[in-house]
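Here are my notes after going through this one.

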Amino acid sequence: MSTPVLVHTFTTKSWIRCSKLVTAFRGKFLPTPNIKYTTAPSRTYSTNYETNKTKIRPKNVLKLHERGILQDIYPPAAVGLPGLLESKQQCFYCGFDPTADGLHVGNLLSIMVLLHCQRAGHNVIAVIGNATVRAGDPSEHTKDRNMLSDNAIQDNVNAIQDCIAKIADTHANYIYDNKHRKKLPDFKILFNQTWYKELNAIDFISTACRNFRIGPMMEKRYIKDRIQSSEGLMLAEFMYQVLQAYDWQYLHDNYNCTFQVGGVDQLGNINAGQQLIRKTNKGQVYALLTPLVTNLRGQKLGKTAGNSVWLNANKTPPFEFYQFFFKQPDSMVETFLKYFTFIDLKRINEIMIEHTKHPHLRNAQRILAKHVCKLVHGPEGLESAERCTRALFGGSLEDIEKLSEEEIMTTFNATNIVTAVLEPDTTVYDVATHAKAIPLGNKGENLIRAGGVRINGETVDSPHLILMNGEHVLKNDLTVLSVGKTNHFIIKWKLPRIKHDEDSVRETEYPVPM
């Protein structure tokens, strides 16, 4: 997006000036954190450790540029910035407005930056904007945002709070490998309603708003575009940049927060905060800008684009989340390994070299999916995702038999879950046509004979093969029917029933057609 300021893009020369490197981490695991959970929007979430392990010596996080996570820094890094990052613990924050009941993969990149900063010995804060969401961020939107009810905002806040806290907790318990030696700084979760609820409107206008000029505010591209549109721009959304600026000023004053993390599309709002702090406190603050997460076609992944992959399990189950990363093309997997895992760059390079030798095995994608799924959904979510994957694609009878009802519903499309009655003479053709997995008649039979149908992962070549309980029907009365590589059905079997005259006209048990 165009703004009245010049974005500084990292170059070789600028990185010579910032050549203080992040020291490699060694060790094993860190102690279990105590995260206090509450739904009260005025509380602070922090990761506190009951441990006497040593603190992490502050390190220079600008090295993250080599992973591609940091696209820009604004204003350009001063010569002394690396030394500042190494000499004293700093504070980094990122804001998340609760416009939806969850976060998506695009948001995960900002969370990764916060976690990297935490690993480097710095304090980190995630701010949930339960106040600023009422104004609405106009950037990347062509029309007014819908006004959310108080209940909807609180539901969204709870979902986002749980998502961030789970990731922070999982990282501290299961991902961070220096657990026994070093103590991670706190990962705080704050809510900006906390400081706005006590703020007098007239005082806000006469203090914070006094530091802004309409001209520069209107120079921002997204402001221009909205004003020139047929719908125009609401004053509330126009003021959003002032509110976000005040957030940073509050955090700067109360938490000594010098760095804000955000996507490159947020530079306009972030720059407003820099101007406010510079005018009121005469302090220098920095923006660390992350690239936009896009797919292979360059489309942004997010709510607005309508192609979100959510971090909340109730919106994108662990199996689907795992499959999203496992199905990434070769051209994207190295980038995502650098973005969304803590694997060091040398090891990533080794993974990619090995991958190029046997790309059909998709080992790089498997490593990516495993690491990201574990971070977001925890070990139990990863275990479920891998079990569903093996059940669906690996033909593991044991894994199929262990599928829970919830895993069945999330692994298979609802239309591909079929109930059938197992008669003594039920054949492969019978159940495949009942599930509408193959065409009727010779075309369907020939598809089976050609090896296009699998039962529990095993190819069958006879349409007249009779299904046997204990062999084709598993202990949990399930059968996985697969046609081709992508069409999978779960058959939930019921025993034959004896029909009586009064219910003979009903077929509530969906018998398999013969």
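1. Counting contacts in the chain with a separation of 6 or more, 76% are between residues 24 or more positions apart. Keep in mind that this is a predicted model. The chain has 514 residues, 51% of which count as buried, and its secondary structure comes to 19 helices and 15 strands.

2. Nonpolar side chains tend to be buried together in soluble globular proteins. Here the largest nonpolar core has 71 residues, and the members that touch the most others are L311, F325 and F340. Domain 1 (62-290) and domain 2 (318-408) each supply at least three residues to this core. A second, separate core has 35 residues, among them C91, L190, W195 and L243.

3. Which residues is F325 in contact with, leaving aside its neighbours within four places in sequence? They are V105, F336, F340, Q365, L368, A369 and V372. F340 turns up again here, having been listed with F325 and L311 among the core residues that touch the most other members.

4. Now strand β5, residues 91-96. Of its 6 residues, 5 are buried, so the strand is largely enclosed by the rest of the structure. β5 pairs with β6 (residues 123-128) in the parallel sense, over 6 bridges, and G95 stands opposite V127 of β6.

5. There is also an open sheet of 5 strands. What is the strand order? It reads β11-β15-β14-β12-β13, with mixed pairing. The edge strands, β11 (417-421) and β13 (458-460), each pair on one side only. From one strand to the next the twist averages 35°. β11 and β15 (residues 487-494) pair in the parallel sense over 5 bridges, with T419 having K492 as its bridge partner in β15.

6. Last, some backbone details to check. Most residues other than glycine have a negative phi, and most peptide bonds are trans. The peptide bond from Y74 to P75 is cis, with omega near -5°; P75 sits in the loop between β4 and α2 (81-87). N456 is not a glycine, yet has a positive phi of about 55°, and lies in the loop between β12 (453-455) and β13. D477, also not a glycine, has a positive phi of about 60° and is placed in the loop between β13 and β14 (478-483). Buried or exposed: how does N456 count? At 3% relative accessibility, N456 counts as buried, while D477, at 39%, counts as partly exposed.

Notes: Residues are numbered from 1 along each chain as its sequence is written. This is a predicted model: local features need pLDDT of at least 70, side-chain atom pairs count only at pLDDT 80 or more; totals for chains, interfaces and linings use all residues. Side-chain values use heavy atoms; hydrogens and water are left out. Two strands pair if DSSP finds at least two bridges between them. Helices (H or I, at least four residues) and strands (E, at least two) are DSSP runs, numbered from the N terminus. Axes are lines fitted to C-alpha atoms, for helices over the stretch in contact, and angles run from 0 to 180 degrees between N-to-C directions. A nonpolar core is a set of buried Ala, Val, Leu, Ile, Met, Phe, Trp, Tyr and Cys residues joined through side-chain atoms within 4.5 Å. Buried means under 20% relative accessible area, exposed over 50%, partly exposed in between (1.4 Å probe, protein chains only). Domain bounds come from an automatic or database domain assignment. Contact means heavy atoms within 4.5 Å.
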